[in-house]
Each structure stands twice: as C-alpha cells, then as structure tokens.
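Open the model in your viewer and keep the selection tool at hand. We will go from one chain to the contact between two, one stop at a time.

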Number of protein chains: 2
Amino acid sequence: MKDLKEVYEERRSVNFFDSSKDLDEETLKKIMDLAVLAPSAFNLQPWEVIAVKSPEAKQRLYDAALKQPKILAAPVTLIMVGDKDAYTEANEAWWYMRDVGIPDDKILGNIDFAKNVLYNTDLKRNNFAVRNTSFLCMSLMYAAKYYGVESHAMIGFEEDKIKREFNIPDNKVVVLLISLGYFDESKTLYPRLRRKKYEEIVKVV
Amino acid sequence: MKDLKEVYEERRSVNFFDSSKDLDEETLKKIMDLAVLAPSAFNLQPWEVIAVKSPEAKQRLYDAALKQPKILAAPVTLIMVGDKDAYTEANEAWWYMRDVGIPDDKILGNIDFAKNVLYNTDLKRNNFAVRNTSFLCMSLMYAAKYYGVESHAMIGFEEDKIKREFNIPDNKVVVLLISLGYFDESKTLYPRLRRKKYEEIVKVV
C-alpha cells in the first residue's frame, strides 16, 4: 500500500543507479502489469518494450544513446516502442472488445473510422504511437516508484541506430528510453525543479 | 489517502457524465497541482491547458470534436496543448535550474543541445510536444481519480477547427481532449477491456 500522492511527490528522475543492485524479472513484471492499466485509444495498446539487461545489449544501447552512463549503471533500460500501424485489424486487441459483448459490426465500424479518419495521415499515425506509448511510460514510472524502483527517462539517442541494433522496423517509433533500478546512495540529487503554477498553465473558458 | 494500485485499478474511461454535477475550480486546481509532478524533458513543461467550462465554449468544442455528447455532459473538458517551441530559451522553465544551483553555462549548453541535436527537425519538435504533454495527460487522469473525479480521453476532433476556435497558434499541437466530471450512475460501463500479457509486450535482451 502506498498513497498515490506520496508516490507522485517522491518519484524523481534519478541520474545515478546502484550498479550492484539487480532488478529481477518478477519485479519488472509487477511494474508492467500495473503500468498497462493505462488507457489507450480503443484499448489498442500500440506498444512494445525491449528490456535491455545483458551486458552485451547494454553496450549496444549505450553506443546508440550518446554513451549515457546510466545505461551501463542501471540494471535494466527499457526501449519503449510505439507501433504506428497498430490501428489496423491486424492488431488482435481490436477483438478484445468481443469479450465484453461489443458486436463485430461495431468493432469493424471503429476500425474503418480509425483508418479513414483518425489515423489517415503519417503524422496522425506517428502521434497515435507516441501519445499512447507515452501514457504507458508515465504510468510505468509511477508504477515503478510504487514498487520501490527508481526511473530515469531519456530522449538522447540516435533512433536509427537503436532500430538497427534491436531490429525495430520502420513503422515503429522509439518513443523513450527508461532506465530502472535503485538509487546510488553515494550520490545526491538536486532538489526537485519548480513546476509552473496553475495560473500559468490553465486558462478557463 | 488512496493506494496507487487501487487508483490504477479503479480508473476507467467513463463515457457518461452526470451533467447535474459541477467540477469546481478548486478541485481542478488540486488535480492539476498533483498532475504537474510528471517529469518532462529538462523540466520544460511544454504544455498548456484550456479548460472548457462555459456552455458557449462547450458548444464550440462540441462542434469541433465530432459532436461527442460527453463534451456537453461533462462539467469540464480540457484541451491539452503541447508547445513544439518550448525548447527555446524563451521558455522561462529553463531558468528554474538556477534555483537549485545549476550554473548558467550548463543551462546554455543544454539549450544548444536541445536546439541542435534533440529537436532539430519538425518531427522531433512535434514528438517533444506530444510525448511530454501525454505524460501530463496520464498523470492527470490518475490524479483526477485520486480526487474522486472521472475522466475520458478523446482524440476524435478536427485539430484545425479547435485551433481556430480557441486561438491556438500553429506551433502548438492539440494532443488530447480530456473530459472530467462524475459518472452518470444511471448508466453502466462495459467491464474493463483485457490488457496484453507481459509476455506479449516485453522482450528481455
């Protein structure tokens, strides 16, 4: 049990990971199983995760990600991949709607609508992948903290190189890297940076 | 106090809002103040929120968003806007780093790096806006539920029309609409749709 507000307040982007502490797959699975409760468009879940854990794979990711030390130090770094084509009928998640009694003609209507209206340009398909996978990323970073695991999101990488190294096809987007692990207690984090105030962000009309 | 896992499990995309129940601005502020604890690249917070609350504004949004009934029924719908240009020195959030003692030459180096490497194409600038604003969206939907408020995310809208109606310039992206309010208890939701299994999503390398 951990209060959501406390998790939000205590989650930080942790630059320094204790390289002596492993993250076992059981914990990763608990984090993922909680994180996937994030919503996605039509519940299509247009995401995949490559968990980079072996020293050999870490080295390849490190070389493709501006040699950021935390990739080597953290026990695992997740390559968060979004699928631009996950709105087509090839995605079996469309048919999960059958489980709750949604009729096939309604599902087929949604597929048509997705193809012809919602995701009918390459930019819209890109944004579909980035947006939904980002929901998962955010959900996952809080879920990790809930289970006592620290995270650090990174966008500094060469996408082409990562795709080549990890066999990610061109219809997919590398949305984010997320290192997971435990804080190196010999280091100190800066205090949390200030957030913009409500009045600066929100306009009520 | 509410357990994070319970919030995750209980949050649903709610199609039916009780139009007789208002969402007061104090509650909206509490939700936002919690949601903005989401991380963003360099803490740049490239987001803005237009909270559509008046009947007149709701009608304009309804007409730009495929006449989805929940825009009229929900007490408020948020237009979640991402700023593709928020990585430039014009964003005062760069200078929040001074508060924690980060020196100006480091900040200026980061600004250069953002301009020349991270966000040096239009697609990267678009993805910067969509990705970070999506973190806020996800953070906000859980935060709303924490405070007893239901949400529904929508991507079915004409972006050009929303931009015109609500004076959103071209360097910004309408990332998502989120209706907020209280469930119409006279309605029933489908059971939650199935999520893909860990083994279907994650590959460990």
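**Stop 1: chain A from end to end**

Select chain A and start at the N terminus: its elements run α-α-β-α-α-β-α-α-β-α-β-α-β. That comes to 8 helices and 5 strands. Helices (H or I, at least four residues) and strands (E, at least two) are DSSP runs, numbered from the N terminus.

A word on the ground rules. This is a predicted model, in which local features need pLDDT of at least 70, side-chain atom pairs count only at pLDDT 80 or more, and totals for chains, interfaces and linings use all residues. Residues are numbered from 1 along each chain as its sequence is written, and chains are lettered from A and ligands numbered from 1 in the order in which they are written.

Now colour by pLDDT, the predictor's confidence in each residue, from 0 to 100. The mean for chain A is 97, and 100% of its residues reach 70 or more. For the complex, the predictor gives an ipTM of 0.98 and a pTM of 0.98.

Show the C-alpha atoms of chain A. They fill a box of roughly 60 × 45 × 35 Å, taken along the principal axes.

**Stop 2**

Select Ile79(A). Which residues does Ile79(A) touch, not counting those up to four places away in sequence? They are Val49(A), Ile50(A), Val52(A), Ile162(A), Phe166(A), Val174(A) and Leu177(A). Contact here is C-beta atoms, placed from the backbone, within 7 Å.

Buried residues make up 43% of the 205 residues in chain A. Buried means that 20 or more other C-beta atoms lie within 10 Å of the residue's own.

**Stop 2: where the chains meet**

Show both chains. The contact takes 64 residues from chain B and 64 residues from chain A. On the side of chain B that touches chain A, select helix H6 (122-146). H6(B) gives the largest share of that side, 11 residues.

Next, select strand S1 (residues 47-52) of chain A. It pairs with S5(B) in the parallel sense over 3 bridges; pairing takes at least two DSSP bridges. Click Ala51(A): its bridge partner in S5(B) is Val204(B).

**Stop 3**

The same surface serves both copies: of the contact residues of chain B, 100% recur in chain A.

Technical notes
Two residues are in contact if their C-beta atoms, placed from the backbone, lie within 7 Å. A residue is buried if 20 or more other C-beta atoms lie within 10 Å of its own, exposed if 12 or fewer, and partly exposed in between; C-beta atoms are placed from the backbone.
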